[in-house]
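Subject: Structure handover and findings

Dear colleague,

Please find below the structure for your review. My notes on it follow directly after.

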Amino acid sequence: MDELPGLPGVVRTLTLPVLRHVRTIREWHAGLLTETEIAALAGDTPASTAAASADLLPAFDGAELTRSDRLLVNTLAEDGRCTYDELARVSGVSEATARRRLGVLRREGRVRVRAAIEPVLLGLPVEAVLWVRAVPAAVDRVAAALAESPHARYVSFVTGERQLLALTAFPDEAALHDFVTRSPWLDEAASVEVSMVLGSLKRGGMLAPWLRG
């Protein structure tokens with residue numbers, strides 16, 4: 001954050017602390033899967049079927065990872081679809097050991113697997129940031145209603161004039177228009193500001209595919 005104002009061309013930055021998350025990107029479902037399918041994917045799924053791409057975040061507790069563990073984690077950070085056989089070859093261990101070590105790291109909370117999904121691949125090419133202001137007595141209800149929509153990828157309480165920030169995705173501009181003009185939660189919203197997203201350079205800390213070289 002200290003470096004942002006010093007970037008060439010930056011005229012202004014705005015920082016609004018998040019007071020509470022209502023829905024995170026990790027919890028988002030686009031409404032394309034059934035509850036049974038979601039439950040199946042939430043199980044102990046091999047990395048090869050976890051997602052089109054994945055970001056692994058090592059959470060260190062003071063203990064250093066072994067060399068083979070670091071190779072395993074770095075390989076998955078590059079490609080979340082690697083099979084256990086591929087992980088074993090790169091980290092220099094057997095396939096059974098690679099499977100066991102990844103399982104241990106995940107259970108200990110030292111590694112978390114996250115899928116970085118481009119909404120356009122799900123048929124949702126239109127993205128928008130919504131800034132929503134509601135009367136204080138209704139803000140919790142508005143936040144809950146936003147979070148229930150499959151179009152809301154992220155919802156949080158923030159400081160400032162507008163209490164809610166939502167990142168959304170839609171199949172087209174008409175669907176976005178309907179969402180911000182006809183949704184039931186608008187009855188308790190005082191104002192909604194819509195900012196279209198022209199392009200995303202990072203998702204979940206990962207560079208967009210077209211920026212990786």
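Helices (H or I, at least four residues) and strands (E, at least two) are DSSP runs, numbered from the N terminus. This is a predicted model, in which local features need pLDDT of at least 70 and side-chain atom pairs count only at pLDDT 80 or more, while totals for chains, interfaces and linings use all residues. Residues are numbered from 1 along each chain as its sequence is written, and side-chain values use heavy atoms, with hydrogens and water left out.

Overall composition

The chain has 6 helices and 9 strands. Of its 213 residues, 33% count as buried (under 20% relative accessible area, with exposed over 50% and partly exposed in between; 1.4 Å probe, protein chains only). Among the contacts with a separation of 6 or more, 70% join residues 24 or more positions apart; contact means heavy atoms within 4.5 Å.

The second largest pocket

A pocket is defined on a 1 Å grid over the protein atoms alone, as an open set of points with protein on both sides within 12 Å along at least five of seven lines; a cavity is instead a set of points where a 1.4 Å probe fits but cannot get out, and lining residues have an atom within 4 Å of a point. The second largest pocket has a volume of about 590 Å³, the volume being the space filled by probe spheres set on the grid points, which are joined across faces, edges and corners. Its lining consists of Met1, Leu4, Leu14, Leu16, Val18, Val129, Trp131, Tyr154, Val158 and Leu165. Strands β4 (126–134) and β5 (152–158) each contribute at least two residues to that lining. By class, the lining has 10 nonpolar residues, no polar and no charged (Ala, Val, Leu, Ile, Met, Phe, Trp, Tyr, Cys and Pro count as nonpolar, Asp, Glu, Lys and Arg as charged, and the others, Gly among them, as polar).

Leu16 is located in the segment before β1 (18–23) and is partly exposed, at a relative accessible area of 29%. Leaving aside neighbours within four places in sequence, Leu16 contacts Trp131, Val158 and Thr159. The C-alpha atoms of Leu16 and Gly160 are separated by 6.9 Å, although the two residues are 144 residues apart along the chain.

Leu165 belongs to strand β6 (residues 164–170) and is buried, with a relative accessible area of 14%. Not counting residues up to four places away in sequence, Leu165 touches Val129, Leu130, Trp131, Tyr154, Val155, Ser156 and Val158. From Leu165 to Trp131 the C-alpha distance is 5.0 Å, across 34 residues of sequence.

Helix α4 (residues 95–107) has 13 residues and should span 18 Å at 1.5 Å a residue; its end C-alpha atoms are 18 Å apart, which agrees. The expected span is 1.5 Å times one less than the number of residues. Ala98, Leu102, Gly103, Val104 and Leu105 are the buried residues of α4, and they pack against α2 (67–78), α3 (84–91) and β3 (111–115). Just after α4, Gly109 adopts a positive phi of about 75°.

In helix α5 (residues 139–148) lies Ala145, which is partly exposed at 27% relative accessibility. Ala145 and Leu186 are 9.7 Å apart, C-alpha to C-alpha, and 41 residues apart in sequence.

Aromatic pairs

The whole structure contains 2 aromatic pairs. One of them, Phe170 with Phe179, is tilted, at 5.3 Å centre to centre and 55° between the planes. Rings of Phe, Tyr and Trp (its six-membered ring) pair if their centres lie within 6.5 Å; planes under 30 degrees apart count as stacked, over 60 as edge-to-face and the rest as tilted.

Yours sincerely
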